[in-house]
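Please study the sequence and the structure before reading each solution.

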Amino acid sequence: MRRTVRGTAEVHAIPAPHPARRSRAALGALTASGTLLALLLPATPAGAAGVHHGHRSPAPQTALDAFWTADRMRAAEPLDLATPAPRPTAAVRHGAPLTVAPTLPRLPRTPARRGALPQAGGPWTGGGAVTKTTGRVFFTYQGRTAACSGDAVTSGNKSTVITAGHCVKLGGVWHTDWVFVPGYHDGQAPYGKWAATKTLSTPQWTASEDINYDVGAAVVAPLDGKKLTDVVGGQGLSFNSGYNKAMYAFGFPAAAPYDGSKLIYCGGTTFKDPLFSGDHGLDCNMTGGSSGGPWFASFDEKTGAGLQTSVNSFGYQFWPHTMFGPYFGDDAKNLYTTAQGT
């Protein structure tokens, strides 16, 4: 069901692919999880509205499939982000809790695993749904091929991917050549390369790239006549669910000591950032490339399914081995509502 919401997400259409060129943005003072650096940006009012527009991408699926070769995916690098001076930010809007259940295809049974928490970063060997729903995100940013992580979620259109805001838009520029590769492994795309027809973010990220609202989404086109979650399933979601929860974080970090070839996870009890954001914090050593990877509450190790309640977003350079992810409040919920209705 569609409804008008305050703070509707901005929608951006993906143009046609073009040859990649290499460039680097300025380095800043903070270390980002899905990129090399983090942003602490001026906030807009919590209910600020973004411009709402969107149209179909002129880029054909076949062109993007050809563009993102195995070698090009392996060579894609995390983004570098400039770091403006921190400014006070408005509180993230909280509202009524909302839970969306996972919708998963039939999966082989896997043995139960023990002692997974706490985990500061290691390969996920438990199998299950997360190995199909989580993937790498590839795109071109200012002529340079880059990578993040993302997750397929339950949605009305069966075509919604949740990621970080800076994995769809950065420095006022929307990324192009955007594809989602679920189940990625060392240059392989076992479930295909899913091209975005539209990318979206929260109005606060769209307007000023406020780190508290670093949440993005993409709507992907059908592939071979099938929709995304009919092929890989969709994880559940949880909004306005509070802090200090047992959570698992997943992603494809590509900066040392990782190389982007494997699904990595962290797990433990989260805490609220005591510094410059209202984000969740988690002991985790994932590095560049993991941005946009999902954080799950109520995660079942036997099935690999849970309720996504954040994404890998950033880390402080002076606070090593700690990841932060935005609180999924009303604006993240509105983004999800907009994306699944697109």
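**Exercise 1: Positive phi angles**

Lys158 is partly exposed, with a relative accessible area of 35%; partly exposed lies between buried (under 20% relative accessible area) and exposed (over 50%), with a 1.4 Å probe and protein chains only. The model is predicted: local features need pLDDT of at least 70, side-chain atom pairs count only at pLDDT 80 or more, and totals for chains, interfaces and linings use all residues. Residues are numbered from 1 along each chain as its sequence is written, and side-chain values use heavy atoms, without hydrogens and water.

Task: State where Lys158 is found and what its phi is.

Solution. Step 1: Lys158 is in the loop between β5 (144-152) and β6 (160-163); strands are DSSP runs of E, at least two residues, numbered from the N terminus. Step 2: The phi of Lys158 is near 55°, a positive value in a residue other than glycine. Step 3: Most residues other than glycine have a negative phi.

**Exercise 2: A peptide bond**

Task: Determine whether the bond from Ala256 to Pro257 is cis or trans.

Solution. Step 1: Omega is near 10°. Step 2: The bond is cis. Step 3: Pro257 lies in the loop between β13 (246-251) and β14 (264-269).

How values were computed. Helices (H or I, at least four residues) and strands (E, at least two) are DSSP runs, numbered from the N terminus.
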